[in-house]
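Here is a walk through one protein model.

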Amino acid sequence: MKKSELKALIKKMTLKEKLCQLTQENAVMLEKSGGTKITGPSTVTEFNEEEKYALGSVLNFNGIEDAKKIQKQYLERNRNKIPLLFMQDVIHGYKTIYPVNLGLACSFDMQLIEELSAMAAKEAALNGVKVTFSPMLDLVRDARWGRVVESYGEDPFLGCEIAKATVKGFQGDLGKYKIAACLKHFAAYGACEGGREYNTVDMSERTLREYYLPAFKAAVDSGVRLAMPAFNIFDGIPMAANKRLIDGVLKGEWKFDGVVISDYCAYYETIKHGYAKDYKQAAADCLNAGTDIEMVSASLIAAGEELIKDGAIKEKDIDEAVYKVLKLKNDLGLFENPYGDMDEVEEKAFSLSAENRALARKAANESAVLLKNDGILPISEDKVRKVAVIGPLGNTGDILGRWLCLGKYEDSVTVYDGVKNLLEGKEVEYAEGCKSDLFDVDESGFGQAVALAKSSDVVILCLGEDGGDNGEGTSKMNIDLPDVQYKFFDEVRKVNPNTVVVLFTGRPLSVTRLDKNARAILNVWFPGTEGGNSVADLLFGKANPSGKLTMSFPYSVGQCPIYYNHYNTGRPRSDDNKRCPFQSAYIDGPNKPLYPFGYGLSYTEFAYSDLTADKTIIRENEKLTVSVKIKNVGNREGTEIVQLYIKDWFGSTVRPVKELKGFKRVTLKAGEETVVSFEIVNDMLAFYGADLKRKAEPGKFSAFIGTNSDTNDCIDFELV
Ligand code: BGC
């Protein structure tokens with residue numbers, strides 16, 4: 001349809017129909033047998049038939065059959081024959097589930113992330129999804145917050161790169177099998193106080209702009225079609241009603257012209273926040289702030305007509321919002337074909353296909369982070385006769401993480417199955433030992449599992465978080481393993497020293513005790529559909545771990561929030577191992593995390609040398625190239641993620657101790673060496689100074705290139 005036709009259509013719509021077009025409900029509202037997954041509390045509402053069949057969009061439905069039925073019934077009753085828009089949280093796969101985002105980010109593989117997003121888009125599109133509530137671009141620093149699992153970690157530079165890759169993968173140019181992406185949660189949701197879900201956010205404009213906004217801006221610059229304001233308040237105002245950030249920054253400064261959709265019930269929650277006094281004011285404030293669609297609560301439908309009469313909102317703003325929604329539907333091709341890319345035959349062939357599984361397995365292999373290894377890994381296949389897979393995460397399909405769409409446990413490969421697949425013909429046995437449930441202290445399974453451990457050559461001990469203990473609404477006070485798992489670990493390693501730990505988690509865990517006592521820890525996050533095969537690949541050396549952490553693992557929960565790119569203090573700590581009086585230090589533990597940002601081991605070793613720069617002084621429009629030699633000094637091929645950090649020594653405001661500004665994945669055979677170079681340009685040195693304008697300030701800088709954020713090898717240069 002042309003713009004003029006869309007405008008003409010809006011003219012034909014009644015005010016009520018327009019308000020409904022700006023409202024989204026759970027699909028179950030339209031089709032009782034339909035989507036039953038509800039992803040939040042339901043506050044509202046009784047709709048009459050006319051309103052129901054005028055709703056603009058739905059979320060949470062169960063795939064192609066459901067979507068077809070709902071669309072058909074809807075169009076039979078919708079007066080204007082405007083197709084319904086189906087939205088869904090396609091976060092890390094649709095049927096083929098790949099590792100949770102926090103894990104996936106550790107691959108530092110943008111090509112892979114783009115390919116996975118495209119795969120998820122196609123599986124979703126074939127099932128009727130037209131919009132995904134993804135990418136989730138919240139910067140995170142506090143592992144107590146359960147939603148860190150959905151994020152890509154603590155670094156703004158990496159966040160920008162992933163924003164670009166995901167938007168490109170999901171959307172392309174919205175051709176066949178592409179879906180519209182929605183950045184979320186705008187903004188600063190990840191900084192909730194105390195890591196407690198939905199809690200207050202209070203931060204300076206500088207911190208917001210320097211750290212929390214860049215990934216959203218990168219998504220907007222990449223053409224993301226929708227944006228979702230967060231649940232939190234910012235500067236005292238709930239984000240759904242935050243005019244300064246939505247209308248001012250997102251739409252004004254960044255020129256975002258897509259659709260803004262509230263988060264689940266967020267209009268209504270402005271009342272609970274103590275901001276709007278009733279649903280009428282909530283509707284007016286959110287709409288006037290620049291939010292177009294109200295998700296799940298229905299205050300706009302209830303109050304819109306009266307608000308226009310009162311002059312609290314303008315019909316022209318409603319028309320403008322409706323235009324955006326209809327334009328999105330039009331751009332997605334829904335007016336020509338309301339059933340979009342839905343295709344049963346293709347769906348069956350494509351979803352969970354061997355190719356998709358292979359891609360998910362590659363992703364799991366690249367996402368895993370080897371946290372510790374005394375040389376016991378990789379396990380040599382020839383040397384083992386009997387293998388014990390034990391522990392609560394060892395034989396469960398619940399290793400997919402949350403936000404599954406139609407991902408099913410029964411389609412996923414457990415660790416036990418994966419090891420059996422790889423060791424065909426050998427003896428592989430499983431025992432659970434204990435549960436992963438936070439409060440289950442039952443030790444009655446220890447005996448059988450310990451006996452199995454004793455009689456085996458090697459033990460693969462699968463510990464970690466329960467699948468349901470991360471994601472939305474899962475903040476924790478304690479981010480270590482539950483005591484029962486430690487107790488179990490101690491019993492097992494006592495009878496069999498050849499024990500390796502496979503850790504499943506959706507957040508950094510303060511596993512200091514595990515680190516001290518385990519011979520090897522392979523952190524596999526929640527690895528997805530091919531998780532078990534991937535764990536087997538990694539443990540037995542068919543794949544060499546290369547993932548690097550994108551969120552610091554604290555030494556203790558008391559360090560949270562903890563992140564590598566922090567400022568210095570006037571009294572920096574001089575020794576992490578000693579008590580340092582009158583210094584910025586904890587007296588009962590180190591300042592440093594257990595494992596820093598960028599950290600991860602390999603089965604081989606890489607030696608860095610000869611860090612050089614082609615000049616020591618640069619001017620505004622010049623480039624400077626820094627290079628380093630890197631050699632694989634181990635005895636097998638491996639991939640290293642080479643990281644560039646920059647430190648700006650002095651500024652009109654203080655600068656972080658270092659900041660990631662580049663990375664490269666480099667694969668080298670045993671003995672092979674290469675030179676890795678990075679170009680440094682002026683923009684990489686820019687920051688928000690005292691005047692809150694982003695620019696580089698002249699002065700001394702250092703460039704660090706190394707294997708993680710702890711690297712000290714650097715070279716100095718000056719910007720004049
Ligand atoms: C979450 C969003 C999600 C929405 C729809 C909310 O509870 O915060 O991330 O997109 O539900 O499922």
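Pro-135 sits in the loop between strand E4 (131–132) and helix H7 (156–171). Helices (H or I, at least four residues) and strands (E, at least two) are DSSP runs, numbered from the N terminus. The peptide bond from Ser-134 to Pro-135 is cis, and its omega is near 10°. Pro-378 lies between strand E11 (369–373) and strand E12 (386–390).

A word on the model itself. It is predicted: local features need pLDDT of at least 70, side-chain atom pairs count only at pLDDT 80 or more, and totals for chains, interfaces and linings use all residues. Residues are numbered from 1 along each chain as its sequence is written, and side-chain values use heavy atoms, with hydrogens and water left out.

Why do cis bonds and positive phi angles deserve a look? Most residues other than glycine have a negative phi, and most peptide bonds are trans. Leu-174 is not a glycine, yet its phi is positive, about 65°. This residue lies in the loop between H7 and strand E5 (180–186). Leu-174 has 11% relative accessibility, so it counts as buried. Here buried means under 20% relative accessible area, exposed means over 50%, and partly exposed is in between (1.4 Å probe, protein chains only). Tyr-198 also has a positive phi of about 65° without being a glycine. Its loop runs between E5 and helix H8 (205–212). Tyr-198 has a relative accessible area of 38%, so it is partly exposed.

Now step back to the whole protein. It has 21 helices and 26 strands. Its C-alpha trace spans about 75 × 65 × 45 Å along the principal axes. With 720 residues, a compact globule would have a radius of gyration near 27 Å, and the 26 Å of the protein agrees with that. The radius is taken over C-alpha atoms, and the globule rule is 2.2 Å times the number of residues to the power 0.38. Of the 720 residues, 62% count as buried.

Glu-17 belongs to helix H2 (residues 15–21). Its relative accessibility is 7%, so it counts as buried. Which residues come nearest to it? Of the 14 residues around the ligand, these are Asp-89, Arg-147, Lys-184, His-185 and Asp-263. A residue is near a molecule if one of its heavy atoms lies within 4 Å of it. By class, this shell has seven nonpolar, two polar and five charged residues. An N or O atom in the Asp-89 side chain is 2.6 Å from an oxygen atom of the ligand. For Arg-147, a polar side-chain atom lies 2.7 Å from a ligand oxygen. For Lys-184, the value is 2.8 Å. Taken alone the ligand exposes 310 Å², and the protein buries 100% of that.

Last, the strands. E17 (residues 606–613) and E19 (residues 624–632) pair in the antiparallel sense over six bridges. Two strands pair if DSSP finds at least two bridges between them. Tyr-608 stands opposite Ile-630 in E19. E19 also runs antiparallel to strand E22 (residues 673–680), joined by eight bridges. Lys-631 has Glu-673 in E22 as its bridge partner.

Technical notes:
A polar contact is a pair of N or O atoms within 3.5 Å; within protein, one must be able to donate a hydrogen and the other to accept it, and residues adjacent in sequence count only if both atoms are side-chain atoms. Accessible areas come from the Shrake-Rupley method with a 1.4 Å probe; for residues, only the protein chains shown count as cover. Ala, Val, Leu, Ile, Met, Phe, Trp, Tyr, Cys and Pro count as nonpolar, Asp, Glu, Lys and Arg as charged, and the others, Gly among them, as polar.
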